[in-house]
Amino acid sequence: MGGFKQFLLRGNIVELAVAVIVGATFSGLVQALVTDLITPLIGAITGGKQPNFANYSFTVNGSEFKYGDFLNHLITFLIIAAVVYWLIVAPMTRLVQWFERDRKATTKECPECLSDIPAEARRCANCTVELVPNSEKPR
């Protein structure tokens, strides 16, 4: 029982639980944005009628295929993906790039073995090649 308690109280489980709760809440927010704002906007552009394909279907040997419901879900998915990308992913990417633009590099690539090494290193720890030109070597 002690191991189970330790497993539940680890930081990863708590962080995962918080992420799931925030994700579910955020999902509701995005669904509301699409349902209440984006879909009516599409309806206004297309002539005042919101797109609904739920009744579209076809029958083969007595089996009914409701492809309209699939189309509704596909369109909703595409709209949600576009909204998430343009309102969250793209601005966050720009924000991260803006903060990282003045950051000084702390590593460099070794010209011989292509491994990452500290920027101030004078010799590669992996292949031991000297990284300082002869003119700068200590005498």
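Ser-115 is buried, with a relative accessibility of 16%. The cut-off for that class is under 20%. The model described here is predicted. Ser-115 sits in the loop between β3 (107–109) and β4, and β4 spans 116–118.

The surroundings of Ser-115 were examined next. Residues up to four places away in sequence were not counted.

Thr-128 is not a glycine, yet its phi is positive, at about 65 degrees. Thr-128 belongs to the segment after β4 (116–118). Its relative accessibility is 48%, so Thr-128 counts as partly exposed. A residue is classed as exposed only over 50%.

Asn-61 also has a positive phi without being a glycine; the value is near 50 degrees. Asn-61 is placed in the loop between β1 and β2. Strand β1 covers 58–60, and strand β2 covers 63–65. Asn-61 counts as exposed because its relative accessibility is 82%.

Ser-115 is buried, Thr-128 is partly exposed, and Asn-61 is exposed. Positive phi values occur at Thr-128 and at Asn-61.

How values were computed:
Residues are numbered from 1 along each chain as its sequence is written. This is a predicted model: local features need pLDDT of at least 70, side-chain atom pairs count only at pLDDT 80 or more; totals for chains, interfaces and linings use all residues. Side-chain values use heavy atoms; hydrogens and water are left out. Helices (H or I, at least four residues) and strands (E, at least two) are DSSP runs, numbered from the N terminus. Buried means under 20% relative accessible area, exposed over 50%, partly exposed in between (1.4 Å probe, protein chains only). Contact means heavy atoms within 4.5 Å.
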